[in-house]
Amino acid sequence: MQIRTLLLGMKCTAKSVLLLISLVYSGCSDSLDPTMPDGAMHQLRDAIDKRDFNSLIEQLSKRTKVSLEQSVELLNQQRQAIQEFYPPEYKIGANGVYPRPIFAARSATDLIKAYLAERLKKHPSSARLQFGLTSRERGIIVDGRATVTTHSGEQFVFVKEGTQWKSTVFEATVAANLDLIKANQNILNENLMTLKEIKKTGE
């Protein structure tokens, strides 16, 4: 019987959020009203620019937040199972499957911070970043989804939840990472069964 290796690799977040352009921010007053698509875009922009991850979480769609919460729950289960049941010779490899900040995440806020950390480090807060993430229009609304185009030319999609618009910008990436975490959970469950059989054989 053989212990399977957990899958490596986590996806980075959407590049569009961190696109820099060589223009100067105008400094004009922007709408921050989340009941309007452009206001929601500017709240997202400010949360990213200020590295305010608690605020950032509040700007995300329910589907994104659910995927983050499910990911954290599974990561916690995996961390505990490896610590409790894996032999010492397997623990180092298993604990190194995910980047350390991701595997150490205890909340959805911790996890989105870990996903964004490296890319944000390369793109410090600046007037250009603010300008690139500023809406150049109110947003086009079709069937409960709003598309907002920024000064950088990037398009961001928002969904209506209650009276407010929420960002889907990380939705696909977070879902893809959740799929990987689930795949690792399946491998971990198989390994725990294998370890149980090995223990029985050795008794």
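Phe-103 is buried in this predicted model, with a relative accessible area of 5%, where buried denotes under 20% relative accessible area, exposed over 50% and partly exposed the range in between (1.4 Å probe, protein chains only). Tyr-98 is likewise buried, at 3%. A search of the whole structure finds one aromatic pair: the ring centres of Tyr-98 and Phe-103 lie 5.2 Å apart with their planes at 40°, so the pair is tilted (rings of Phe, Tyr and Trp, the last by its six-membered ring, pair if their centres lie within 6.5 Å; planes under 30 degrees apart count as stacked, over 60 as edge-to-face and the rest as tilted).

The model is predicted, so that local features need pLDDT of at least 70 and side-chain atom pairs count only at pLDDT 80 or more, whereas totals for chains, interfaces and linings use all residues. Residues are numbered from 1 along each chain as its sequence is written, and side-chain values use heavy atoms, with hydrogens and water left out.

Three salt bridges are present, each defined as a side-chain nitrogen of Lys or Arg within 4 Å of a carboxyl oxygen of Asp or Glu. Asp-38 and Arg-138 meet in one of them (3.0 Å, N to O); Asp-38 counts as buried at 6% relative accessibility, whereas Arg-138 is exposed at 53%. In another, the closest N and O atoms of Asp-46 and Arg-45 are 2.9 Å apart, and both residues are buried. Arg-63 forms a salt bridge with Glu-171, with the closest N and O atoms 3.9 Å apart; Arg-63 is exposed at 59% relative accessibility, while Glu-171 is buried at 17%.
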